Amino acid sequence: MKKEQEKMSKINTFEKMRAGYREAVQSSNFSDKDVDILQKKFNLFAADDSDKKSALDQVLRDHLLEQLAIRNKKGVDDVSVWKQYVSHCITACKRSLCSPTMPVVLLGDVFDALTLQQCERLFAYVEENVSIWKEDMFFTQCKNNLLRMCNDLLRRLSRSQNTVFCGRILLFLAKFFPFSERSGLNVVSEFNLENLTEYGAEGPDGLKEMLEDDNDQNEEFKADMKITVDYNLYSKFWSLQDFFRNPNQCYNKVHWKTFSSHSNSVLSAFSSYKLDDVTDNKRMKMDNTPLKDKETKLEVEGLPSASSQVFFAKYLTNQKLLELQLSDSNFRRYVLLQFLILFQYLDSQVKFKAENYELKPEQIEWVKDTTELICRLIRETPPDGPSFLQAREEQWSNWKNEGCKEFQTPGGVSKGLIDSDESGGDRKKLKPRRKGKALGDLIRDSASQGKTYMGNAELTKLWNVCPDNLEACRGKDRDFLPSLDSYFEEAIEQSDPSAMVEDSYKKINDGNFGWRALRLLARRSPHFFTLSSNNISKLPEYLETMIRKIAKDRPTTGSQTILLDENKTEVLDGQTEENGAENEQEEDELLKTDETKEDEAEESKKPGSFNEKVLDSLADILSSSWKKVATKLEYTKNQIEEFSSDTSNETECARKWLQHYAEVDEDGSPENLAYTLEGMGLTEAASIINEMT
């Protein structure tokens, strides 16, 4: 009965807060970002901050949905209102009035209710405030919500009709997430097997139509063509795209013969026809033209200038176009580069490649010879063929094999070098480095002064204290030990509650002090070698215990106070020690490892944790697909077999793996697992985790 009354009291309090917040939100002016009204209401309620934030979150969302319904009914097409509303919410978040995820949640609701044209205009607000989303307060809490919001927008868009908007969303994600963000990386090196290249099967007669249709328009161009394109070459050329899409086919004996045969035919056609730099030929005819007019003339004639090149992400596969495509230097470069990437994969150690995927000696020799031929063709392909051949694929593969480690900021750029301009974009300011003396000059200057340069200021100072270091170590001035009272005097004073010293500033947390303290205690303290079966958890806790023992042994004078126990009780002058055995037992208890507190500290660091009920539900749902999920999360084949070695029941195997993922895996968080399950289409399992978090 009492619990029900408490529950009803909480509900009534929550409803009162909602009513108060609703009144404050309706009377707020969103254009000036003034949240003083909300602040007053927040301070007025007597409840936990989390409850007050939850109530305000609900009111902000309800008010937004009401306004969306009213404006959509009236047909109002103005996105500036939503920009002001979200900005108002961001200001409230910075005042700790509502949850950090609310601005993105509100944006997601707005995008779901607007048309695509309105969404495109509102998305400019998201792009302009990328610096806000990257702040520590919002990034950790909002990154999954932002990713989900952008993916929902991409699902609504057509890549053929809304190409620019799709590109803006992808560019925003690339700018928002760091380069090493695992959600944007192909960590397990999967191939895009859905990228099929379809090409026509019209037969050899289809190629003749180009000569008949365009005979008058392209006679001058065709006279210079040296490649004879028939249907055989056409089919071989475009069939290679299937091997580029899935290189593992090359490890099959039959597929390898097809690949090597078609590659030889295509590369032979490339070798038989060398391209000329068209822009250079045109420039030769403009010797008397001023330099500024040359670029303009090239652009007018439809030729790329030195400062502008045309790139294509996807080429058409019509038979009539292949003859023209093979004469395009960019097209030829892309094809040759695909060969190099494929060869790099076949001949290198890739972390997620099967062990039986190895080339035979004759295949390795063919790859080596073909690579040399391709490199020669790239050098001969204008413009700037040699500079284009700077391959970086090996560095990329090594980075992927190492688990896509996060890139560190270079030493020349510090935290203060990146700031945000008024438009919200990031602007880098590189400070000039100071050039110091060369190492040889430093050594020569030190030698002229009779000193040894060690490369570090402290080491150089220590090394040059005395010409003979062994003799200096034997000096009488070094043969001394401080007393326990003098060495621990400051630490004893800091342990007094009246000193009001924060734990982080106490001497016992200084590793240098702790190391010397242990050496001194071993020499001077009778408590150091006290037998005890209790383990020492942390050095600061042990030193705190020893300081209390040393403080007991000190003589007390006047009104001096000494800390006796953990409850910070004071023993005044003249007071006798009672219950010594009990005090000794309490002090021994402090030396034990408090595993419960460490577990709670570890759980507090994680953004969320699994419970047994959730793990049981996930095991039932993932009983048939847990191996695929484990492979996606970078578990090896041997690890997966270990989970299924004891039993053949897939539900129990899934339960064992989930328990290992939740307790042992460093990345084992509900957010990561939910994101992976959503990406694999296991929405039922993902919804269970989302409800938990």
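**Close-up 1. Leucine 682 and its contacts.** Setting aside neighbours within four places in sequence, leucine 682 is in contact with Leu622, Ser625, Val629 and Leu677 (contact means heavy atoms within 4.5 Å). This is a predicted model, in which local features need pLDDT of at least 70 and side-chain atom pairs count only at pLDDT 80 or more, while totals for chains, interfaces and linings use all residues. Residues are numbered from 1 along each chain as its sequence is written, and side-chain values use heavy atoms, with hydrogens and water left out. Leucine 682 sits in the loop between helix H34 (670-679) and helix H35 (683-692); helices here are DSSP runs of H or I with at least four residues, numbered from the N terminus. With 23% relative accessibility, leucine 682 counts as partly exposed (buried is under 20% relative accessible area, exposed over 50%, partly exposed in between, using a 1.4 Å probe and protein chains only). Its C-alpha atom is separated by 9.6 Å from that of valine 629, 53 residues apart along the chain.

**Close-up 2. Helices H30 and H33.** Here the axes of H30 (residues 612-621) and H33 (residues 650-663) come within 8 Å and cross at roughly 135°, which makes H30 oblique to H33. Axes are lines fitted to C-alpha atoms, for helices over the stretch in contact, and angles run from 0 to 180 degrees between N-to-C directions. Angles under 35 degrees count as roughly parallel, over 145 as roughly antiparallel, 65 to 115 as roughly perpendicular and the rest as oblique. The crossing of H30 and H33 is right-handed (the near helix is turned clockwise from the far one by less than a right angle; anticlockwise gives left-handed). H30 brings Glu612, Leu615, Asp616, Leu618, Ala619 and Asp620 to the contact, and H33 brings Thr651, Ala654, Arg655, Leu658 and Gln659. By class, the contact of H30 with H33 has five nonpolar, two polar and four charged residues (Ala, Val, Leu, Ile, Met, Phe, Trp, Tyr, Cys and Pro count as nonpolar, Asp, Glu, Lys and Arg as charged, and the others, Gly among them, as polar).

**Close-up 3. Helices H17 and H18.** In this pair, the axes of H17 (residues 329-346) and H18 (residues 361-380) come within 10 Å and cross at roughly 150°, so H17 is roughly antiparallel to H18. Their crossing is left-handed. From H17, Leu336, Phe339, Leu340 and Phe343 meet Trp366, Val367, Thr370, Thr371, Ile374, Cys375, Leu377 and Ile378 of H18. The residues in this contact of H17 with H18 divide into 10 nonpolar, two polar and no charged.

**Close-up 4. Two backbone features in loops.** Most residues other than glycine have a negative phi, and most peptide bonds are trans. Serine 96, in the loop between helix H4 (80-94) and helix H5 (102-113), has a positive phi near 60°. This serine 96 is partly exposed, at 41% relative accessibility. Elsewhere, the peptide bond from proline 382 to proline 383 is cis, with omega near -5°; proline 383 is found in the loop between H18 and helix H19 (385-388).

**Close-up 5. Two buried residues in helices.** Lysine 52 belongs to helix H3 (residues 49-74) and is buried, with a relative accessible area of 6%. Beyond four places in sequence, lysine 52 is in contact with Met17, Tyr21, Phe42, Phe45 and Ala47. Serine 239, in helix H12 (residues 231-245), is buried at 13% relative accessibility. The side chain of serine 239 reaches the backbone oxygen of lysine 236 at 2.8 Å. Not counting residues up to four places away in sequence, serine 239 touches Tyr199 and His262.

Terms used. Polar contact = N/O pair within 3.5 Å; in protein donor to acceptor, adjacent residues only side chain to side chain.
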